2 protein chains.
Amino acid sequence: MRSSKRVHILEAATRVILSEGAAQLTLDAVAKEAQVSKGGLLYHFSTKEALIEAIVIYAKEQIEKQFQAIYDEDDDPRGRWTRTYLKLTCDDRTNNNELYSALFSGVLENRELLRPLEECFLQLYAKTENDQIDPVLANIVCLVADGLWYNDMFQFNPVNDEMKAKIIDRLIRLTKGESE
Amino acid sequence: MRSSKRVHILEAATRVILSEGAAQLTLDAVAKEAQVSKGGLLYHFSTKEALIEAIVIYAKEQIEKQFQAIYDEDDDPRGRWTRTYLKLTCDDRTNNNELYSALFSGVLENRELLRPLEECFLQLYAKTENDQIDPVLANIVCLVADGLWYNDMFQFNPVNDEMKAKIIDRLIRLTKGESE
DNA sequence: GAAACTATACCGTCCAGACGGTATACTAAT
DNA sequence: ATTAGTATACCGTCTGGACGGTATAGTTTC
């Protein structure tokens, strides 16, 4: 079998960061978690920085893929992009582990490594600008979504599940132009 | 002058994390930035973990202090806590560097170190629950604020300054019960 | 005289990255 | 069909440097 372990390594790195902390993102730890030798790891990612760059790109690709899938499920053209953004990171079905580990590892070396992810989010926000609804409302919805997943990332839980459901419900109805 | 260099060290650590990246949060780098000998640094913080814990506590104290100051400036009782929360991290006058560095350094070792900050935010959110306005609206406002400052922390800028001003203006009016 | 340092030396561990080697598959000449 | 060569995908060890922490002796400030 001649399959690359690249993706296995990236997923192992995500696991290491989220369970052990970003400081434990060492080449040895990742190699061990991915059940790859250190040489094998360095074959795919020649430096630690290259590994982190790959984690960021991988997270970006995952987001774009999921975003499209959620978009395709929605029929109502009004506020469609905005609802998609909201569901992207706040739906219980999706997990954001790749995104979280990308942000954590980007912070390790320097935030410049996060540029690809920033571009990704800029594009998603841009889509909500022409969404047949008030742009200010659209941005408010996106920012609430951001607040929710960022808090989840740091394991802060300022809003309980019941309130979270109410908030999302309210926002979804607003994107459809329904009154409260 | 017999003043403790504790706070200088904490602020130096913040500078190191935000300018050099969390991986450069080493005892040597902090000592150098704070213009303190390594012995002096270890006199105040006997381990690196103790330093990080102190950074988190310091950030918490700064937030609580600023929150109170902003609250005192507001006269309108309706939605006062909610508006205070919004202004806390999104006002151009405040800088959130201590908060950002606390989160970054907490992610380094493990997120458990961030518990004091979580409690802090839980308390601030709790205050908005009895704020003479719809609790769902109050939470939405807080989450938008979170989205804004988290994005700022990662140097993501999905909303430009003009839009940001519109959003904040809209939310402030909502907390006062004004219609759009 | 105690607290708050400075200055320096040192130790053990960890870690990034280099390096040389191995196994397998495919390709091209003979 | 066999041989030789090449590319890919790894393995496992080694080394030099950085880092966290200890220790110690001395200095300044209150």
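The buried residues of α7(A) pack against α4 (48–73), α6 (97–109) and α8 (135–153) of chain A. Here a residue counts as buried if 20 or more other C-beta atoms lie within 10 Å of its own, as exposed if 12 or fewer do, and as partly exposed in between, with C-beta atoms placed from the backbone. Two residues are in contact if their C-beta atoms, placed from the backbone, lie within 7 Å. Helices (H or I, at least four residues) and strands (E, at least two) are DSSP runs, numbered from the N terminus.

The model is predicted: local features need pLDDT of at least 70, side-chain atom pairs count only at pLDDT 80 or more, and totals for chains, interfaces and linings use all residues. Residues are numbered from 1 along each chain as its sequence is written, while chains are lettered from A and ligands numbered from 1 in the order in which they are written.

The buried set of α7(A) consists of Leu117(A), Glu118(A), Cys120(A), Phe121(A) and Tyr125(A). These residues cover an arc of only 155° around the axis, which puts them on the same side of α7(A). The arc is that of the directions from the helix axis to the C-beta atoms. Glu119(A), Gln123(A) and Ala126(A) are exposed, on the face of α7(A) turned away from its buried side. The length of the helix was also checked. Helix α7 of chain A has 13 residues (115–127), and at 1.5 Å a residue it should span 18 Å; its end C-alpha atoms are 19 Å apart, which agrees. The expected span is 1.5 Å times one less than the number of residues.

Chain A as a whole has 9 helices and 0 strands. Along the sequence its pattern reads α-α-α-α-α-α-α-α-α. Its C-alpha atoms fill a box of roughly 60 × 30 × 30 Å, taken along the principal axes. Of the 180 residues in chain A, 44% are buried. Among its contacts between residues at least 6 apart in sequence, 67% join residues at least 24 apart.

Gln132(A) has a positive phi of about 65° although it is not a glycine. Most residues other than glycine have a negative phi. Gln132(A) is partly exposed, with 14 other C-beta atoms within 10 Å. In chain B, Gln155(B) also has a positive phi, of about 60°, and is not a glycine. Gln155(B) sits in the loop between α8 (135–153) and α9 (161–175) of chain B. With 12 other C-beta atoms within 10 Å, Gln155(B) is exposed.

Helix α1 of chain B has 15 residues (6–20). At 1.5 Å a residue, the 15 residues of α1 (residues 6–20) of chain B should span 21 Å, and the end C-alpha atoms are 21 Å apart, which agrees. Ile9(B), Leu10(B), Ala12(B), Ala13(B), Thr14(B), Val16(B) and Ile17(B) are its buried residues. They pack against α2 (27–33), α3, α4 (48–73) and α6 (97–109) of chain B. Just after α1(B), Gly21(B) takes a positive phi of about 100°.The two chains meet in a contact that takes 34 residues from chain A and 34 residues from chain B. On the side of chain A that touches chain B, α6, α7, α8 and α9 (161–175) each supply at least two residues. The largest share, 10 residues, comes from α8(A). By class, this side of chain A divides into 22 nonpolar, 6 polar and 6 charged residues. Ala, Val, Leu, Ile, Met, Phe, Trp, Tyr, Cys and Pro count as nonpolar, Asp, Glu, Lys and Arg as charged, and the others, Gly among them, as polar.

Chain A can be laid on chain B with an RMSD of 0.1 Å by a turn of 180° and a shift of 0.0 Å along the axis. That is the relation of a two-fold axis. Copies are superposed by least squares on the C-alpha atoms of residues with pLDDT of at least 70 in both. In chain A, Gly147(A) has the C-alpha nearest the axis, 2.0 Å from it. Both copies use the same surface: 100% of the contact residues of chain A recur in chain B.

DNA strand C is surrounded by 17 residues, the closest being Thr26(A), Leu27(A), Lys48(A), Gly39(B) and Gly40(B). A residue is near the strand if its C-beta atom, placed from the backbone, lies within 6 Å of it. In chain A, α2 (27–33) and α3 (38–44) each supply at least two residues of the surface near DNA strand C, as does α3 (38–44) of chain B. The most, 4 residues, come from α3(B). This surface has 4 nonpolar, 7 polar and 6 charged residues.
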